[in-house]
Amino acid sequence: MPHSAPGQNSPAPTSSTHAHTIENHWAAVALIAASTFIVVAAEMMPVGLLTPIGADLVESEGTIGLSLAITGLVAAATAPFVPIVTRRFDRRSTLIVLMLVVAAANALTALAPSFAVLAGARVLLGVSMGGVWALAASLAPKLVGSRSVGLATTIIFSGIAVASVLGVPAGDVYRSSGRVERGILDSQLRRDADRARHVRCPTRDAS
């Protein structure tokens, strides 16, 4: 009885399956592009909010502006080392963790009661941003075929370009909406109430 060659009876991949795989890979490319957009937008948006942030933290615009320099410097310093430190971990899981760190850094920035806390949050953002940059650059060849690597890389890093253009105007739009001013007023009222509670009323001398 003739035997069939190994793999002879295995079904050939259909065009629909191949198309579905390609679609999934490009969806991953789009998600990574969204990640690069988010981290750069988080870095650039405070440029349009220096004045209200300084008023809220009772610091000068120059002091608040240091947070931008801190973020960029930390990102540039940590980006080369993140792939080395995380090489034993799955890159998809690492990217998810980094984006969670970005979310935590943004929340801490929004709730920072002082410049020290703000600076710490921006350092945390810088570390995660450098990691996202480093991983994004190496993921394109793993997601698409060799002929599409250039296009995938362009799409991934287009998030940086778009965020660089829209980040500052987005901060200005948010400030012009009046929400920032209301937040600053609420913060000032809370500080005034705290100072009022700690003021000691003058005691009268006993007659």
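At what angle do helix 2 and helix 3 pack, and how far apart are their axes? The angle is about 110 degrees and the axes are 9 Å apart. The model is predicted: local features need pLDDT of at least 70, side-chain atom pairs count only at pLDDT 80 or more, and totals for chains, interfaces and linings use all residues. Residues are numbered from 1 along each chain as its sequence is written, and side-chain values use heavy atoms, with hydrogens and water left out.

**View 1. Overview of the protein.** The protein has 8 helices and 0 strands; helices (H or I, at least four residues) and strands (E, at least two) are DSSP runs, numbered from the N terminus. Buried residues make up 30% of the 207 residues, where buried means under 20% relative accessible area, exposed over 50%, and partly exposed in between (1.4 Å probe, protein chains only). Of the contacts (heavy atoms within 4.5 Å) with a separation of 6 or more, 79% are accounted for by residues 24 or more positions apart.

**View 2. Packing of helix 2 with helix 3.** Helix 2 covers residues 50-57 and helix 3 covers residues 61-78. Axes are lines fitted to C-alpha atoms, for helices over the stretch in contact, and angles run from 0 to 180 degrees between N-to-C directions. Helix 2 and helix 3 are therefore roughly perpendicular to each other; angles under 35 degrees count as roughly parallel, over 145 as roughly antiparallel, 65 to 115 as roughly perpendicular and the rest as oblique. Their crossing is right-handed, a crossing being left-handed if the near helix is turned anticlockwise from the far one by less than a right angle, and right-handed if clockwise. From helix 2, Leu 50, Thr 51, Ile 53, Gly 54 and Leu 57 meet Glu 61, Ile 64 and Gly 65 of helix 3. The residues of this contact divide into 4 nonpolar, 3 polar and 1 charged; Ala, Val, Leu, Ile, Met, Phe, Trp, Tyr, Cys and Pro count as nonpolar, Asp, Glu, Lys and Arg as charged, and the others, Gly among them, as polar.

**View 3. The loop at Val 58.** Val 58 is found in the loop between helix 2 and helix 3. Although not a glycine, Val 58 has a positive phi of about 55 degrees. Val 58 counts as exposed because its relative accessibility is 61%. In helix 2, by contrast, Leu 50, Pro 52, Gly 54 and Leu 57 are buried.

**View 4. Surroundings of Thr 71.** Thr 71 is found in helix 3 and, at 0% relative accessibility, counts as buried. Leaving aside neighbours within four places in sequence, Thr 71 is in contact with Glu 43, Arg 122, Leu 125, Gly 126 and Met 129.

**View 5. The largest nonpolar core.** A nonpolar core is a set of buried Ala, Val, Leu, Ile, Met, Phe, Trp, Tyr and Cys residues joined through side-chain atoms within 4.5 Å. Among the 24 residues of the largest one, Val 29, Ile 32, Val 39, Val 132, Leu 143 and Ile 156 touch the most other members. Helix 1 (15-44), helix 5 (91-111), helix 6 (115-143) and helix 7 (149-176) each supply at least two residues of this core, and the largest share, 8 residues, comes from helix 6.

**View 6. Packing of helix 5 with helix 6.** The two helices pack at an angle of about 155 degrees, with their axes 8 Å apart, and are therefore roughly antiparallel. Helix 5 passes helix 6 in a left-handed crossing.
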